[in-house]
Amino acid sequence: MEKHWIGGKYVRGAKGDLFTTVSPAHDTTIGNYALGSEQDVHTAVQSARTAFDSGPWPHMSGQERAQVLCATADLIHIHCEELARLETLESGKPITQAKAEMETAADLWRYAATLARHTVGEAYNSLGENKLGLVLREPAGVAGLITPWNFPLLIISQKLPFALAVGCTAVIKPSELTPGTTLKLAALAHEAGVPPGVINVVTGFGNPVGACIAEHEDIDVISFTGSTAVGRRVAAAAGRNLKRCSLELGGKNPHIIFADADLDAALDPVVFGVYFNMGECCNSGSRLLLQESIAEEFTARVLELARTVPVGDPLAEDTKVGAIINEPQLAKINEYVQSGKDLGARLRTGGRQIPTLNGRFFEPTVFDGVTPQMPIAKEEIFGPVLSILTFRTLDEAIQIANDTIYGLSAGLWTSNVDTAFEVSRRVRAGTIWINCFMEGHAELPFGGYRDSGLGRELGRFSTDEFTELKTVQLHIGEQRSSWL
Ligand code: NDP
């Protein structure tokens, strides 16, 4: 690729330097990309600014924008195989999962198209005789979108079509580990009719590209997905020039199984919930909270199933767990496993890198005997590691569930409707799954409490992040009052 996408075409970086991406599963080079500089960000922001301030996009009707978003969705669908293969090669995720993610991404573009036609405000006709108040929603301007490596096309599709739907333009920085599908998406959207300058992609590293976007004075809103640590830095940078900022950050999500649950039904979602995407998932159900009376039996069943999860070449159709993204991530997983062992948790299965000629693969891992204060119970590992804790009462389950800095999601299994709703009300998390886990729909908002983030993506409120409210007041007819 070797170029950024700016102003509706591929453009060389100002400095001409390149970086490469490597397949985490095969250790082969996948792509050469432009190593973005601050100068490249300025060029991209200028392009987005011009497209917003004097281009047609913000002034097109919702119907016209919706057509373009739907045409982009069609092209994502048509190019699904090619996009999925690139996603798998750069991220290490299983190919069947990557294909499903491309189709889900296409659906997000279609859903955003419906919102393009529903950017509505309010009218106040009861402010007094001769008075009318209008509350208008206007596009916020240029959006800076910064995304991570774990779901590259899916996460940009949780932001970009929603920004475009209301008439914003965008400057995007994908993760330097997985920029391929985001660049291709920009070209597909162009083919679908997005005017030049509306979408701009600058490839490169968090520093300087991400940092420059976060603090740029000509960007109006920021939407970031990634780690809580970097999210804090992005929010601080955005705060310096008071631009709005939404953040989707980490999670340490509790998956709570009560003794009265349908344990047969819960088993597969528990294993899926922690090993999906190699555990490199903010929604991962990495803390399993079992009611004491069923803990031994259910742990045995989880262990049995975890040992059957197919780990291997992500290009193979039957693989469920692919490769760990890179060496630092593998080292982080190993450190957490060591800390679990050192602090007295019982390693029941897994815990090691699988020896292979190429790439880096990690065994599906289960610890039990975990106590709430251990780092493997509280901190985001971002790997295929399940920590099992036990509880006696509903109060204790909720206390443990809430005992982290995070609040992204939580799952619970019970056949008692009172238990289901009491836990749903008292667990502080943005999403609660009752008798299911990690299901998602474009219609339903997604985001976190506490250190899991700020703001919500998806759902009909998602476009609020990308709009400003404007109040318009008018008098009708004769003016009846005067100041003097
Ligand atoms: P980061 O939070 O570092 O990366 C997310 C994005 O932010 C990337 O595009 C990154 O660029 C960019 N970035 C990095 N530094 C800055 C900065 N100062 N200003 C603006 N943007 C910046 O995540 P990592 O990839 O480093 O992963 C580390 C950990 O983060 C994981 O182990 C996991 O715990 C967590 N994580 C959580 C995710 C989630 O969905 N909640 C997603 C990914 C990671 P670059 O790629 O160049 O670093």
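**Cysteines**

Start with the cysteines: the count of disulfides in this predicted model comes to zero. Select Cys 80, which takes part in no disulfide. The nearest cysteine sulfur belongs to Cys 70 and is 17 Å away. Cys 80 is buried, because its relative accessible area is 7% and the cut-off for buried is under 20%.

**The ligand**

- Glu 176: an N or O atom in the side chain of Glu 176 is 2.4 Å from an oxygen atom of the ligand.
- Thr 147: here a backbone N or O atom lies 2.8 Å from an oxygen atom of the ligand.
- Gly 226: a polar backbone atom of Gly 226 is 3.2 Å from a nitrogen atom of the ligand.

How much of the ligand does the protein bury? Taken alone, the ligand exposes 850 Å², and the protein buries 86% of that.

**Helix H9**

Move to residues 228-240, which form helix H9. The helix has 13 residues, and at 1.5 Å a residue they should span 18 Å.

Which residues of H9 are buried? They are Thr 228, Gly 231, Val 234, Ala 237 and Ala 238. After H9, select Leu 242, where phi is positive, near 55°.

**Thr 72 in helix H2**

Go to helix H2, residues 62-78, and pick out Thr 72. Thr 72 is buried, with a relative accessible area of 0%. A polar atom of the Thr 72 side chain lies 2.9 Å from the backbone oxygen of Val 68. What does Thr 72 touch beyond its neighbours within four places in sequence? The contacts are Trp 109, Leu 185, Ala 189 and Ala 192.

**His 4 in strand S1**

Select strand S1, residues 4-6, which holds His 4. Is His 4 buried or exposed? Its relative accessibility is 0%, so His 4 counts as buried. Show Asp 40 as well: the side chains of His 4 and Asp 40 make a polar contact at 3.0 Å.

**Ala 123 in strand S5**

The last stop is strand S5, residues 122-124, where Ala 123 is found. Ala 123 is exposed, because its relative accessible area is 58% and the cut-off for exposed is over 50%. Leaving aside neighbours within four places in sequence, Ala 123 is in contact with Gly 133 and Leu 134. Finally, select Val 472, which is 349 residues from Ala 123 along the chain. The C-alpha atoms of Ala 123 and Val 472 are separated by 9.5 Å.

Methods. Residues numbered from 1 in each chain as written. Predicted model: local features only at pLDDT ≥ 70, side-chain atom pairs only at ≥ 80, totals over all residues. Heavy atoms only, no water. Helix = DSSP H or I, 4+ residues; strand = E, 2+ residues; numbered from the N terminus. Expected span 1.5 Å × (residues − 1). Buried < 20%, exposed > 50% of the residue type's maximum accessible area, 1.4 Å probe, protein only. Polar contact = N/O pair within 3.5 Å; in protein donor to acceptor, adjacent residues only side chain to side chain. Areas by Shrake-Rupley, 256 points an atom, 1.4 Å probe, with all protein chains shown as cover. Disulfide = S-S within 2.5 Å. Contact = heavy atoms within 4.5 Å.
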